[in-house]
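Please keep the sequence and the 3D view at hand while reading.

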Amino acid sequence: MPELRSGARRSKRLGDLQPAPQPVDQEENWLLPTQNRTRRRVGGGRGRGCNATAVGKGPSAAIPARPTAAGRGRGIRLIDLDPEPPCEVLPEAVAVGAGEPLGGVAGRDIAMEGGSADKIIGAEEEGSTTPVPERVQVGNSPVYKTERKLGKGGFGQVYVGRRVNGGTERTGSDAVEVALKFEHRNSKGCNYGPPYEWQVYNTLNGCYGIPWVHYKGRQGDFYILVMDMLGPSLWDVWNSLGQSMSPNMAACIAVEAISILEKLHLKGFVHGDVKPENFLLGQPGTADEKKLYLIDLGLASRWKDASSGQHVEYDQRPDIFRGTIRYASVHAHLGRTGSRRDDLESLAYTLIFLIKGRLPWQGYQGDNKSFLVCKKKMATSPEFMCCFCPAPFKQFLEAVTNMRFDEEPNYSKLISFFESLIEPCTPLRPIRIDGALKVGQKRGRLLINLEEDEQPKKKVRLGSPATQWISVYNARLPMKQRYHYNVADARLAQHVERGNADGLLIGCVASCSNLW
């Protein structure tokens, strides 16, 4: 098993060997396929990355090698870099990076939604070689002229569309300029018709904080979305501020992001890929330039069954990972079914990153990167993680990392953590917090009339994470699961034997010193 090199945080000394840091690109975006397409790697480590080779798709095809520091483990390379190129990894497949700077619907510098590595290769072969239409008209839309390219990703390409006739507004269906998202019909996600993201937009279009899709349809070889143009992403803002944000601004982002996620969750979906690149501001110079939007619904999934209204069943598939390694929840790393807690945990990592400019697990490279990052996340306490952040960020991190799989978040309480950091004068706030209305008090919800004290009371464990725990479950109905916290090393075998005697399977055995 690979071991973390001692003094890993000293990797920043490599800066002496590297040129001065430049504004950085987006983070990696990973998606492993559904289980019937998953192939287990033979004879390798236990990391999720498997034997994938990441190929960046930046402005230049050739990426110069960067100095690395040799680790003491087996094949661990620790280098001093902040974000790495977005990529999507499939066991024993070549992962092609999926992120050039992207504007319009995603503002600038966002990564397109994820898919299988096969899909990315197909998109590159077909989507990059097949020219997009010079003029676009889908459904009842006006005719748009395809202009400059804003960016591309694993699933498609985004261009500026300028209305040929008419149009007087900057946003909305009558906008002069829109974002045109093209996905080739031969990409894997379109094998059975329109992309999955279209189904999500059918339910979420118009949801608070989600940009509008005004028209969609197929033209020639492409499926096309006509969407609102937006402004810069939080990643862009973070870069423009010297790769650090003030706690006041991060608190405003936290309040509004929680509100957006609450409305999304009320619709029965979890986003699945919360990160700075997927939060955008409105167009500069408009009334919405301080309004926050959440984009990229390609990895969204249902936490609530559409027909029964019940929470989806728990499952754990360690060979499947969906999301972005840097910001994904520990549960996502362990292959657990996504639920509302995962979006909030990813938001906590996002906020800490925006303030501190770095997370403790950045810099790992190699086939077992996902495993090493997961191990570091599980071993890092909230106190260490938030050591240079105001107390509300630590409170938020502790609350969301102690949530149960099917627990309903107390959004009002989570928002109230940041009350002391919010600028009282509304015009001076860097981000609008319309969704929260008034911080720290009971909020009038947009879609439901639910008071804070009407929510079911949940017992939440606060404080440092357990130093050692076992998760035991079986995959047969009825589902059984058993947790043992603070287990001594000498009693591990006893708990495992007892679980096996009761017909339960061992999901994982973990501790701060020996995670697997």
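Helices and strands here are DSSP runs, numbered from the N terminus, with helices being H or I of at least four residues and strands being E of at least two. Contact means heavy atoms within 4.5 Å, and buried means under 20% relative accessible area, exposed over 50% and partly exposed in between, with a 1.4 Å probe and protein chains only.

This is a predicted model, in which local features need pLDDT of at least 70 and side-chain atom pairs count only at pLDDT 80 or more, whereas totals for chains, interfaces and linings use all residues. Residues are numbered from 1 along each chain as its sequence is written, and side-chain values use heavy atoms, with hydrogens and water left out.

Which residues of helix α2 (residues 196-204) are buried? They are E197, W198, V200, Y201 and L204. These residues lie on the same side of α2, because they cover an arc of only 160° around the axis, the arc being that of the directions from the helix axis to the C-beta atoms. Just after α2, G206 takes a positive phi of about 95°.

## The chain as a whole

The protein chain has 11 helices and 20 strands, and buried residues make up 54% of its 516 residues. Of the contacts in the protein chain with a separation of 6 or more, 72% are accounted for by residues 24 or more positions apart.

## Nonpolar cores

A nonpolar core is a set of buried Ala, Val, Leu, Ile, Met, Phe, Trp, Tyr and Cys residues joined through side-chain atoms within 4.5 Å. The largest one has 80 residues, and those with the most contacts inside it are I253, L292, L347, F396 and F418. Helix α4 (residues 247-266) gives the largest share of this core, 12 residues. The core draws at least three residues from each of domain 1 (135-227) and domain 2 (232-421), where the domain bounds come from an automatic or database domain assignment. Another core, of 13 residues, lies apart from it, and V138, V178, L180 and F182 are among its residues.

Leaving aside residues up to four places away in sequence, L292 touches G209, L234, I253, E256, A257, I260, F279, L280, L281 and I431.

## Helix α7 and the cysteines

Helix α7 (residues 369-379) is largely enclosed by the rest of the structure, because nine of its 11 residues are buried. The buried residues of α7 are K369, S370, F371, L372, V373, C374, K375, K377 and M378.

How many disulfides does the structure hold? It holds zero disulfides, a disulfide being a pair of cysteine sulfur atoms within 2.5 Å. For C389, the closest cysteine sulfur is that of C386, at 5.2 Å, which is too far for a bond.

The table gives the relative accessibility of several residues.

| Residue | Relative accessibility | Class |
|---|---|---|
| C374 | 2% | buried |
| D296 | 6% | buried |
| M403 | 8% | buried |
| C389 | 11% | buried |
| Q283 | 12% | buried |
| Q395 | 36% | partly exposed |

Q283 lies in the loop between β13 (279-281) and β14 (292-294). A polar atom of the Q283 side chain lies 3.3 Å from the backbone oxygen of M229. Not counting residues up to four places away in sequence, Q283 touches R170, T171, M229, L230, G231 and E289.

M403 is found in the loop between α9 (391-401) and α10 (411-416). M403 and L344 are 59 residues apart in sequence, and their C-alpha atoms are 9.8 Å apart in space. With residues up to four places away in sequence not counted, M403 touches R341, L344, E408 and P409. Q395 is found in helix α9, and Q395 and F418, 23 residues apart in sequence, are 9.5 Å apart in space, C-alpha to C-alpha.

Two further loop residues concern the backbone. Most residues other than glycine have a negative phi. Q243, in the loop between α3 (234-240) and α4, has a positive phi near 60° and is a residue other than glycine. D296, found in the loop between β14 and β15 (301-302), has a positive phi of about 70° although it is not a glycine.

Methods. Polar contact = N/O pair within 3.5 Å; in protein donor to acceptor, adjacent residues only side chain to side chain.
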